[in-house]
Amino acid sequence: MTAFPYRKAHFIGIGGVGMSATAILLRDAGVAVSGSDEAVYPPISEVLAAEKLDFRTPYAAGNIPGGADLIVIGKNAKLVPETNAEVREAFVRAQRGEAKILSFADVLGLLSQGRQAIVMAGSFGKTTSVSLMAHCLSSSGLDPSWMIGAAPLSPPSAAHFGRSDLFLLEGDEYPSSNTDNRSKFLHYHPSHVLLTPLAHDHVNVFPTVPEYLAPFHQLIGMVPEDGVIVASTGGELSAEFLVRQARPIVTYGIAKGEWQAENIRWGERTRFTLAHRGRTVVEVETGQLGLHNIENMVGIGAFVLTRGLVSAEAYAKSMASFRGIRRRLDRKSDRTRVAIFEGFGSSYDKARSAIAAMKQHFPDRRLIALFEPHTFSWRNRAAMHWYDDVFEGCDKVFVYEPATQGAGTHDQVTLEDIMARLRAAGADAAPMRTREEGVAEVGKVLRADDAVLL
């Protein structure tokens, strides 16, 4: 592994999931780390506290410690020198030659250089896939490094700097920083790639399907000839993408692919058969919800067994003990009759898969959805048609006020626009402008045998 060239790093925007995980990795690699943010919220505030990582709020030029030779700046509309004094100070220090400014994607590229980087990319499922593989390999006695852009329950931390040459990376197609439009995963020197389902996402950055798929084609082109590429057949763009690949690719899916899940038996503990080209490999059990999680587990099985990293039995044992990820359909309370889960519906497909999972596991309960349109896609007028059927299966929908951060970069919609579209589609929907209003309105309709999806 190439030696990391910096000794003291400061993270501006450390409250982001990717930034916090990268900060932990650097700290564990022996670099002195500090950070700052406007505000830090759970679960990342809890992660940083547990890791005893020093950070300050709010942003201020004085937050950057003396002697910092690396300043990592997050991808956030507020992290520009024109409006942020701390970012402005970072650029002044860089101009004086005192510090280097990098994105966290740049840092991960430096850390993974010279190691066997396994990049997990795709439109949805990549966070869970990295978590599953990290849990699978570490519980089987291996010691990989990993970076997970979330707060996992399994493995116990979002980042780990391991002793082996395996480096598991969540590969995001989103631009690396406010000054680098390259997709983050193009920095990661992939030895192998696991490609989860593909569907058009981040329409503010990739307005067309060809523009969205272009960085994924670049990523596949970076894998050396002896590298393994495992790809899902399950996304709406997956077939279109795979047909254009000239090199061998191992495929997986629920109903199509070399590796499949067969004989799924749904329940509180779901069971299925992992099969390879129609032949039974191993029986698998899981407590995770939804068909999408079964598909994620099939992808992990396809990769680790194709590479011979663990035995089929060790793989199955790790799938059974996997506890999931916070905000990825994790249960919020074991002490209520109401089944309350929190999902991550950052795109149409992610929201639909979360709703489908809830209906699959709680078919006899009313489903109440509380939805925050936070990502650019949900706030972009070009994606308003998503609201026409995304909440099918929900008996009641509460929609929170859309975020306004970065609204000037796209055709921003209002809460009134969203409510009008939902009502025209026949959804039983109501607005939530404040937390207090939301609690009061949900309380009026909630019954003890309901299921709630946040």
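Helices, of at least four residues, and strands, of at least two, are runs assigned by DSSP and numbered from the N terminus. With these terms in hand, the reader can follow the structure above, which is a predicted model.

Consider the chain as a whole. The secondary structure of the protein chain amounts to twelve helices and 23 strands. The chain has a radius of gyration of 22 Å, close to the 22 Å that the globule rule gives for 454 residues, so it is as compact as a globular protein of that length. Taken along the principal axes, a box of roughly 65 × 55 × 45 Å holds the C-alpha atoms. Of the 454 residues, 54% count as buried. The protein chain exposes about 18,800 Å², and carbon and sulfur atoms supply 50% of that area.

H361 has a relative accessible area of 17%; because buried means under 20%, H361 is classed as buried. When neighbours within four places in sequence are left aside, H361 is in contact with W266, G267, T270, Q288, L289 and G290.

Rolling a probe the size of a water molecule over the atoms shows where empty space is left. The second largest pocket has a volume of about 510 Å³. It is lined by 21 residues, and those closest to its centre are E268, G287, L289, R331 and F341. By class, the lining has eight charged, seven nonpolar and six polar residues.

The backbone deserves attention as well. Most residues other than glycine have a negative phi, and most peptide bonds are trans. Which residues in this model depart from that pattern in phi? L329 has a positive phi of about 60 degrees, although it is not a glycine. L329 lies in the loop between helix 9 (312–321) and strand 18. Its relative accessibility is 8%, so L329 counts as buried, the limit for that class being under 20%. H189 likewise has a positive phi, near 50 degrees, and is not a glycine. H189 is placed in the loop between strand 11 (180–183) and strand 12 (190–195). Its relative accessibility is 35%, which lies between the limits of 20% and 50%, so H189 counts as partly exposed.

Cis peptide bonds form the last topic. Where are they placed along the chain? One runs from P42 to P43, with omega near 5 degrees, and P43 is found in the loop between strand 2 (32–36) and helix 2 (44–51). Another cis peptide bond joins T57 and P58, with an omega of about -10 degrees. P58 lies in the loop between strand 3 (55–56) and strand 4 (70–73).

Conventions
Residues numbered from 1 in each chain as written. Predicted model: local features only at pLDDT ≥ 70, side-chain atom pairs only at ≥ 80, totals over all residues. Heavy atoms only, no water. 1 Å grid on protein atoms, 1.4 Å probe; cavity = no way out; pocket = protein on both sides within 12 Å on 5 of 7 lines; lining within 4 Å. Points joined across faces, edges and corners; volume = space filled by probe spheres on them. Nonpolar A, V, L, I, M, F, W, Y, C, P; charged D, E, K, R; others polar. Rg over C-alpha atoms; globule rule 2.2 N^0.38 Å. Buried < 20%, exposed > 50% of the residue type's maximum accessible area, 1.4 Å probe, protein only. Areas by Shrake-Rupley, 256 points an atom, 1.4 Å probe, with all protein chains shown as cover. Contact = heavy atoms within 4.5 Å.
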